[in-house]
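Visitor: I've never walked through a protein structure before. Please show me around this one and let me ask questions as we go.

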Amino acid sequence: MNTPDFQPPPWPSAFNEAPKWAVERAEIFDPEMERIFAGPLWHLVGHRAELDAPGRFKTVQLGRVPLILIHGQDGVIRALHNACAHRGTMLEPRFRGKAREFECPFHRWAYSLEGTLTRCPGVKDFPGSFELTNHGLASARVEEFCGLLFASLHPDPPVLEAWLVEIATPLRAALGGDGRLKLLGYQKTIFETNWKIYIDDEGYHAPLLHRAFQILKWKGGAGSQVRSSQGHRVTETVMEGVADNLGLLKDPELMRYWGGEHPRNKLPHQKAGSLLVTPWPLGAVMNHLDIINCRFANPLSPTQTEVHYAYFAHQDDDPELVRHRVRQSSNLIGPSGFISLEDGAVFGRIQKALHAEPDRIRYLRGWQDSSENDPWHVSHNDEVTNTVWWETYRQTMGFERATS
Amino acid sequence: MSAVIPEEIRQAVDALQQRYLRALDGKDMRGWLECFDRDGSYFVTGADNDQDDLPIGLMFDDSYERLQDRVTYVTQVWPGAFEDYQTRHFLQTLDLQADADGLWKSLSNVTVFATDLRGRSQLFIAGTYHDRIRVTNGMARFCGRRVVLDTFATPGVVVYPL
């Protein structure tokens with residue numbers, strides 16, 4: 001990737017290193033928008049449970065393109081470009097709502113829920129060749145997996161099933177086995193950090209940064225991280241809470257895993273713990289304990305990342321389990337979460353120090369000096385699986401690795 | 001505000017609101033906890049969830065034990081892992097009226113400014129307090145405080161209650 005203004009420095013030759021310039025340089029933001037966010041791949045943008053009836057919509061931004069995810073009268077969920085086909089006025093500024101149509105306020109052009117132009121005031125004075133049917137809203141591709149909505153701005157993305165094939169089993173398990181979910185609500189935040197720092201978390205930090213993970217015995221317990229050939233990651237841990245919560249909590253119910261006969265959010269062999277599935281590049285289904293959580297992230301700028309944490313119950317849950325999921329989701333995860341708040345605090349501190357030496361990030365835990373490294377399969381406490389994320393990024397962006 | 005509210009009730013409620021804000025801006029989590037009655041609850045949620053009747057919150061303390069655990073989070077679990085900030089709360093009461101069961105119901109606007117460790121201040125959140133208050137022997141405490149954030153996309157992490 002070369003532009004007239006920016007010649008990328010060489011990528012470090014060591015596989016377990018990533019250059020900070022790839023995080024810090026604003027010049028690569030536009031190429032990222034093109035190659036990754038408008039590139040031939042899929043992006044996790046929602047779940048059907050957020051759009052549970054015809055007319056229900058939410059707006060998202062995929063790369064630079066504002067989209068309306070809309071449940072049509074025909075039951076199909078589409079990703080319509082959120083701009084009138086006439087003068088480009090944004091059609092729907094709200095985050096989420098119900099609509100019967102989308103009407104542009106500027107000249108009152110109106111579109112059906114399926115994106116067809118239905119009304120044009122003054123059309124009798126338009127050129128004779130003008131036809132409503134030729135001026136509907138553009139749309140991005142949308143496909144579903146267990147209700148998860150993946151969108152692509154590229155005209156020719158891979159077949160979604162093939163794109164997800166290596167993570168299909170854990171992803172299905174994380175969604176209660178069938179994806180029949182019910183929306184419980186959102187937490188939303190804007191982190192002052194580059195999107196690649198936000199997604200660069202790993203298992204090494206979990207029991208060290210987060211005191212709550214000590215209660216959950218993350219460190220030393222069983223678990224694994226596996227990267228697929230597309231760069232997706234699956235993290236499994238068999239966490240069982242410390243019986244007395246280290247004496248910290250008066251309400252230990254918050255750290256309890258119910259699982260059992262209820263609709264589960266784990267793989268069959270997992271007794272308890274976490275099942276985290278992160279489709280490359282920026283999607284995440286993060287199920288700690290009984291939480292069913294999808295994270296939809298969007299780079300607002302080179303230094304800002306907006307994250308929507310969406311929480312779900314399963315449609316077969318009894319009211320008691322729904323209440324448990326609501327309590328656990330609200331209090332464990334997100335911008336004020338017992339086990340996650342510290343992440344958000346670290347993101348900003350990395351961003352602020354990107355110009356300090358060393359000029360690269362080194363992934364050490366789980367890496368061997370010998371050539372016998374397999375960062376695609378590591379322990380849940382390691383960090384080197386992130387080198388595969390970076391390698392997928394490097395190749396997608398066309399950056400060249402230095403020869404050692 | 002209704003004219004039928006007895007003056008001693010109004011004074012007790014004002015004193016509670018002041019104790020609450022003083023505790024938070026003074027990072028006195030014990031003092032914050034003491035603003036709640038034993039059957040007290042505390043919720044923070046976004047206006048987006050509130051509008052759609054979605055139950056998820058940013059903080060969801062539906063029992064006194066949960067309130068006590070929030071004190072533990074802030075004073076014992078998170079210190080050292082986050083960049084501290086100083087809050088300044090500003091409150092304007094819009095309504096106070098009698099509620100069922102001898103309680104009082106109050107609505108207030110709230111804004112919170114946050115100042116970072118380098119002295120830079122910004123508006124942190126804007127929202128409303130929806131309160132149920134019990135006054136016993138001239139002392140008011142919250143039975144329930146529900147904070148609805150207009151700022152439903154928070155600027156990063158929210159460590160302290162609001």
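Predicted model: local features only at pLDDT ≥ 70, side-chain atom pairs only at ≥ 80, totals over all residues.

Visitor: Which residue forms a salt bridge with Arg48(A)?

Guide: Side chains of opposite charge can pair when their charged atoms come close. Here, the closest N and O atoms of the pair are 2.7 Å apart, and the partner of Arg48(A) is Glu144(A). The two sit in distant parts of the chain, 96 residues apart: Arg48(A) is in the loop between strand S2 (43–47) and strand S3 (56–62) of chain A, while strand S10 of chain A holds the partner. So, the name you asked for, on the cut-off of within 4 Å for a salt bridge, is Glu144(A).

Visitor: And how many salt bridges are there over all chains?

Guide: Between chain A and chain B the count is five. A search of the whole structure, over all chains, gives 40.

Visitor: Let's look at where the chains meet. How much area do chain A and chain B bury between them?

Guide: The size of an interface is often given as the accessible area lost when the parts come together. The contact takes 36 residues from chain A and 34 residues from chain B. Of the buried area, 56% is on carbon and sulfur atoms, and the total is about 3100 Å².

Visitor: Which residues in chain A lose the most area to chain B?

Guide: There are three names to find on the side of chain A. Together they account for 17% of what that side buries, and they are Lys188(A), Ser336(A) and Leu341(A).

Visitor: Which residue of chain A does Asp62(B) meet in a salt bridge?

Guide: Chain A and chain B have 22 residue pairs in polar contact, counting pairs with both at pLDDT 80 or more. For the salt bridge you ask about, the distance from N to O is 2.8 Å, and the partner of Asp62(B) is Arg327(A).

Visitor: Which element gives the most to the side of chain A that touches chain B?

Guide: The elements giving two or more residues to that side are strand S12 (181–191), strand S18 (304–314), helix H8 (319–332) and helix H9 (341–352) of chain A. By class, the side has 15 nonpolar, nine polar and 12 charged residues. With nine residues, the element that gives the most is S12(A).

Visitor: In S7(B), which residue is the bridge partner of Lys188(A)?

Guide: S12(A) pairs with strand S7 (residues 153–154) of chain B in the parallel sense, over two bridges. Within S7(B), the partner of Lys188(A) is Ala153(B).

Visitor: Which are the edge strands of that sheet?

Guide: The sheet is open, with nine strands in the order S20(A)-S13(A)-S14(A)-S15(A)-S16(A)-S17(A)-S18(A)-S12(A)-S7(B) and mixed pairing. An edge strand here pairs on one side only, and the two that do are S20 of chain A and S7 of chain B.

Visitor: In S14(A), what is the bridge partner of Gln225(A)?

Guide: Strand S13 (residues 223–227) and strand S14 (residues 233–237) of chain A pair in the antiparallel sense over five bridges. Their hairpin has five residues between the strands, and Gly231(A) there takes a positive phi near 100°. S13(A) also runs antiparallel to strand S20 (residues 377–379) of chain A, joined by three bridges, and in S20(A) the partner of Gln225(A) is Val378(A). In S14(A), the partner is Thr235(A).

Visitor: What is omega for the peptide bond from Trp280(A) to Pro281(A)?

Guide: Pro281(A) is in the loop between strand S15 (274–278) and strand S16 (284–288) of chain A. The bond from Trp280(A) to Pro281(A) is cis, with omega near 5°.

Visitor: Last one: what is the radius of gyration of chain B?

Guide: Chain B has four helices and seven strands. The globule rule gives 15 Å for 162 residues, and the chain's value is close to that, so chain B is as compact as a globular protein of that length: its radius of gyration is 16 Å.

Definitions and conventions
Residues numbered from 1 in each chain as written. Chains lettered and ligands numbered in written order. Heavy atoms only, no water. Contact = heavy atoms within 4.5 Å. Buried area = accessible area lost by both parts, 1.4 Å probe. Salt bridge = Lys/Arg side-chain N within 4 Å of Asp/Glu carboxyl O. Polar contact = N/O pair within 3.5 Å; in protein donor to acceptor, adjacent residues only side chain to side chain. Nonpolar A, V, L, I, M, F, W, Y, C, P; charged D, E, K, R; others polar. Pairing = 2+ DSSP bridges. Rg over C-alpha atoms; globule rule 2.2 N^0.38 Å.
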